[in-house]
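My notebook is open and the viewer is running.

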Amino acid sequence: ARLYDLSDLKFLFSDSLLVQHLLTFSRKREVEKMMLDLTPLIKETIQFIKATAPSTIDIQYNFGQENIYVMADVTQMHQVFMNLFTNAVHAMKENGGLLKIDMETVTVGEGKYYLAKNLAPGNYLKIIVSDTGTGIPKDYINKIFDPFFTTKEKGVGTGLGLSVAYGIVKEMQGHIWVYSEEGQGTTFNIFLPVISRRIENPLTYESSNSNRITGNGTILLVDDEEDIIIWISEMLEDLGYRVESENNGQQALATFMAAPDTFDLVLTDQTMPGMLGMDLAKEIHTLRPDLPIILNTGFAEGVVNLASCERYGIKKVLMKPVMETDLCQAIKSYIIRK
């Protein structure tokens, strides 16, 4: 698998652009931030990508609610989207595939929860860019935002594309998460702070325990990321659930088989050592077809096979990083023993 950046486009590959990349990354380039609706800019970028992408690549988008504003520099945001879309197209240029762009608004809460480690409480525009391409090798996943990191041959590209995108988003007090698996595809989740038209109290968030969705029952939680296990376990236990957790698919299956009637719901990651989440769901569904399973994954629709999910008893697919409210609502909806 190879990684690509904006500089792969030959008409953009110039010394002046390289200087702009360097200045942007070092935060010395002067920018003109304004109240910006990103929808027209993303649509324009998509049209350009469609005109240059192979016909074997399908490009879909869903913007949901429009007229959501962020404080941003037009040129910088164009860089971010061109880079991400171009990476996705290159990852699928040999075998084709699906590039999917989704956009929605979310609210990040206060306290100990997972998203709060990287984002301040408030309202955010969440942009999901996913592809079904070659994916990123595990050895590279923690390096892709490093300046000058590249897997290309010498003399091809600058290796600055993703690091520039990361720098722009962080400068806006946002964050980027990336999920990828070789041969399965890559999904980028971009969170950008939302502002109101009046720019009054742009990041307001009302924290109220009275609105939290409580419940009861026993949940088998499976994820290979320790911080996610800690966060979800603490949250669900605070809401009244009992949680048993495993960080390995095979061990989770063994735990389930030891007492299959104990559990009211299974919440599992997709990409894990030992066994994929879909395979785990298939085995559990064979033993207990009545048991609801929720798949918590970094891959968007189009990467995850939704038809297989239904066959294996998966009732709901949640995108990482999952919001507390979405997770609690899904569990409350599908758990059998109230």
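Predicted model: local features only at pLDDT ≥ 70, side-chain atom pairs only at ≥ 80, totals over all residues.

**Entry 1: isoleucine 127.** I looked up what isoleucine 127 touches, taking contact as heavy atoms within 4.5 Å. Neighbours within four places in sequence left aside, the list is Leu38, Ile42, Phe81, Ile101, Asp102, Met103, Phe188, Asn189, Ile190 and Leu192. Residues are numbered from 1 along each chain as its sequence is written, and side-chain values use heavy atoms, with hydrogens and water left out.

**Entry 2: the cores.** Next I checked the nonpolar cores, meaning sets of buried Ala, Val, Leu, Ile, Met, Phe, Trp, Tyr and Cys residues joined through side-chain atoms within 4.5 Å. Buried is under 20% relative accessible area, exposed over 50%, and partly exposed in between, with a 1.4 Å probe and protein chains only. The largest core has 42 residues, and Leu38, Ile42, Met77, Phe85 and Ile127 touch the most other members. Helix H3 (residues 74-91) gives the most to this core, 8 residues. Another core, of 21 residues, lies apart from it and includes Leu221, Leu236, Leu327 and Cys328. For the labels, helices (H or I, at least four residues) and strands (E, at least two) are DSSP runs numbered from the N terminus.

**Entry 3: phenylalanine 81.** Is phenylalanine 81 buried or exposed? I find 1% relative accessibility, so phenylalanine 81 counts as buried. It is found in helix H3. Residues up to four places away not counted, phenylalanine 81 touches Leu38, Leu41, Ile42, Thr45 and Ile127. From threonine 45 it is 36 residues away in sequence, yet 7.1 Å in space, C-alpha to C-alpha.

**Entry 4: strands E1 and E3.** Two strands pair if DSSP finds at least two bridges between them. Strand E1 (residues 33-37) and E3 run antiparallel, joined by 5 bridges. I see aspartate 37 opposite tyrosine 69 in E3. Strand E3 (residues 69-73) is mostly covered, with 4 of its 5 residues buried.

**Entry 5: the open sheet.** I then traced an open sheet of 5 strands, with parallel pairing in the order E9-E8-E10-E11-E12. Strand E9 (242-246) and strand E12 (314-319) stand at the edges with a single partner strand each, so one side of each has no neighbour in the sheet. Neighbouring strands are turned by 20 degrees against each other on average, direction ignored. Strand E10 (residues 265-269) and strand E11 (residues 293-297) pair over 4 bridges in the parallel sense, and aspartate 269 stands opposite asparagine 296 in E11. Helix H6 (residues 249-258) packs on the sheet, touching strand E8 (218-222) and E9, and its direction makes about 160 degrees with that of E8. Axes here are lines fitted to C-alpha atoms, for helices over the stretch in contact, and angles run from 0 to 180 degrees between N-to-C directions.

**Entry 6: helix pairs.** How do H6 and helix H7 (residues 277-287) cross? Their axes come within 10 Å and cross at roughly 10 degrees, which makes H6 roughly parallel to H7. Angles under 35 degrees count as roughly parallel, over 145 as roughly antiparallel, 65 to 115 as roughly perpendicular and the rest as oblique. Gly249, Ala252, Leu253, Phe256 and Met257 in H6 meet Leu280, Glu283, Ile284 and Leu287 in H7. For helix H5 (residues 226-238) and helix H9 (residues 324-334), the axes come within 12 Å and cross at roughly 60 degrees, so H5 and H9 are oblique to each other.
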